[in-house]
Amino acid sequence: MPINSVNQNHPSVIAKNLCKDYPGTRALDHLSFTLNQGEILGLLGPNGAGKTTAIHILLGLLTPTSGEALVFGLSPLKNRQVISKRLNFSSAYVQLPSNLKVAENLLIFSKIYGVKKFNQKIDYLLELFDIADLKNRITGALSSGEKTRLNLCKALLNDPQVLLLDEPTASLDPEMADTVRKTLQKIQQERNIGILYTSHNMPEVEEICDRVLFIHEGRTIAEGTPETIMKNFETNTLEQVFIKIVRSGDIISGKST
Amino acid sequence: MNPALDKPIRTSHVIGEVSESFSRIRAMILRYLFLHKRSLPRTFEIVFWPIMELFVWGFVSVYIQNVSHNTLSKIAMSLINAMIFWDILYRSQQGVSISFIEDIWTQNIVNLLISPLKIWEWVTAAALYGMIKTSLITLILATIAFFLYQFNLVGILQISIIPLIFNLLLFGWALGIFTSSLVIRWGHAAEALIWGVPFLIQPLSAIFYPLSVLPPWLQIISKALPSTYVFEGMRAVIQTGHMPSHYFLVGLGLNLIYFILAGFFFQWMYGKARSSGRLGRLGMD
């Protein structure tokens, strides 16, 4: 699929039988999933389940041991530069330079991404995430919640068609997390973005994700809409599903043993 | 497909690519320059160590000149010149490596690695930024040396100063790419090498003494370094007033080899880091 023909009918991201082995550990074990344009897919699992490994493969930061990852139909390993113009990423664990001002950071990334009318875009995004008053503040002086919102501004600078968000609300208070979720949903609906979303906050996942993928020890344990998964696991919340998955040793086809 | 119609499209595509690359390089230089805007200690640090070194070597040179009743004035001249040139080499290496590691320290490196920024654009920006810093330092050192020790850097080396400094910058950048490769592969554990590697080549580059001082077996290694030809060339100019062209040409040839090797080494280490998972964890360990 050529990069310019992304539409709602085609998956923007395809992971096919991804395996990643480290000495003595298998981080991903034949993981397969797709992310369609315009949907929010929750990638869930306990710490060490393989979520970040999968995201790093999609970003071209990691070579899979076997299997294939395709973003817009292209391999991230060979086409990072082309893909990166239409994809972005934000993580609670990746920061913008703390010794630069908010506006300076966004200006630099605007130029790196070749953003047209970058001043307007920067102002718009800062307003959107309610941090316009911090524009001339040193990034290192921001609270972690403000930094998270700044990271999201950076992630939306290039109007990405696919957004990879690794625990984007991890450091936010409940009220701010709610605001950020609503903002993300608004943008996602307006622009038909495909979002791969990881979080340990299960009520948040129920609220925001169209579909979820539970992984454990690098394998898919369950996949479907939050409602379907809860039904299959005979629980009322995704949190209970999560606990069942982590505590059970052998789970097959979405049913805990 | 009509090749005649295809050509202008391809040409405009190439122009677009070049213009995008230029914009990204400019953005990265801007990123490094912003660091100095409000950090006086950072700016001060650039000039502090070179000036201190110049004081030490400058006064050593004055002392040598005095005790030898001016018969060793060319040696004294060589020492001051060598110190300034060593600083150019060291700072150009640091320019590339420190710019690179700065983004690891600030946990920004993943943002850059997933962006459209190409590695060569990144290295070019760091090298150009390093060149700005090096030019500034050289200017300051040359001015201080002129007023304090009556040492005229440009007056002594004349036109030879250009090829000599050019080769120093090239070798510094190649070393910078090499040391950055080590950091990309081993992360923080390899940081000390950024400061250590230049000092590994210092005794071998015949900086403060002629190549002939080294034992024959060490001379073989020394002759494989482009920096040796710069410092030998510098001494030739001081002694005879002109520099034989082979000092520049052999140095340049070696620099090209080191540059290509450093590029391949970076690519190799990048691939290793991508395979081991280190790349995505840079700045987080």
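In this predicted model, helix α5 of chain B is followed by B:Gln150, whose phi is positive, near 55°. The helix itself covers residues 119-149, 31 residues in total. Elsewhere, chain B has a packed pair of helices, α3 and α7, and chain A has an open sheet of 3 strands. Chain A also touches chain B, with 25 residues from chain A and 27 residues from chain B taking part.

**Helix α5 of chain B**
- From its first C-alpha to its last, α5(B) reaches 43 Å.
- That reach is close to the 45 Å expected at 1.5 Å a residue.

**Helix pair α3 and α7 of chain B**
- Helix α3(B) spans residues 73-105 and helix α7(B) spans residues 161-186.
- The two pack at an angle of about 30°, and their axes are 8 Å apart.
- Their crossing is right-handed.
- On the α3(B) side, the residues that meet α7(B) include B:Phe85, B:Ile88, B:Leu89, B:Ser92, B:Val96, B:Phe100 and B:Ile104.
- On the α7(B) side, the residues that meet α3(B) include B:Ile165, B:Leu168, B:Leu169, B:Gly172, B:Trp173, B:Gly176 and B:Val183.
- Sorted by class, this contact has 15 nonpolar and 8 polar residues, and no charged residues.
- An α-helix has 3.6 residues a turn, so residues three or four places apart point the same way.

**Sheet of chain A**
- The strand order is β2-β1-β4, and the pairing is antiparallel.
- Strands β2 (25-36) and β4 (66-71) of chain A stand at the edges with a single partner strand each, so one side of each is left without a neighbour in the sheet.
- From one strand to the next, the twist averages 15°.
- Strand β1(A), residues 11-22, pairs with β4(A) in the antiparallel sense over 5 bridges.
- A:Val13 has A:Val71, in β4(A), as its bridge partner.
- Helix α1(A) lies across β1, β2 and β4 of chain A and runs at about 120° to β1(A).

**Contact between chains A and B**
- The contact draws on 25 residues of chain A and 27 residues of chain B.
- On the chain A side, the elements that give two or more residues are α1 (51-59), α2 (80-84) and α3 (102-112).
- Helix α3(A) supplies the largest share of that side, 4 residues.
- By class, the chain A side has 13 nonpolar, 8 polar and 4 charged residues.

Definitions and conventions: Residues numbered from 1 in each chain as written. Chains lettered and ligands numbered in written order. Predicted model: local features only at pLDDT ≥ 70, side-chain atom pairs only at ≥ 80, totals over all residues. Contact = placed C-beta atoms within 7 Å. Nonpolar A, V, L, I, M, F, W, Y, C, P; charged D, E, K, R; others polar. Pairing = 2+ DSSP bridges. Axes fitted to C-alpha atoms, helices over the stretch in contact; angles between N-to-C directions. Expected span 1.5 Å × (residues − 1). Left-handed = near helix turned anticlockwise from the far one by under 90°.
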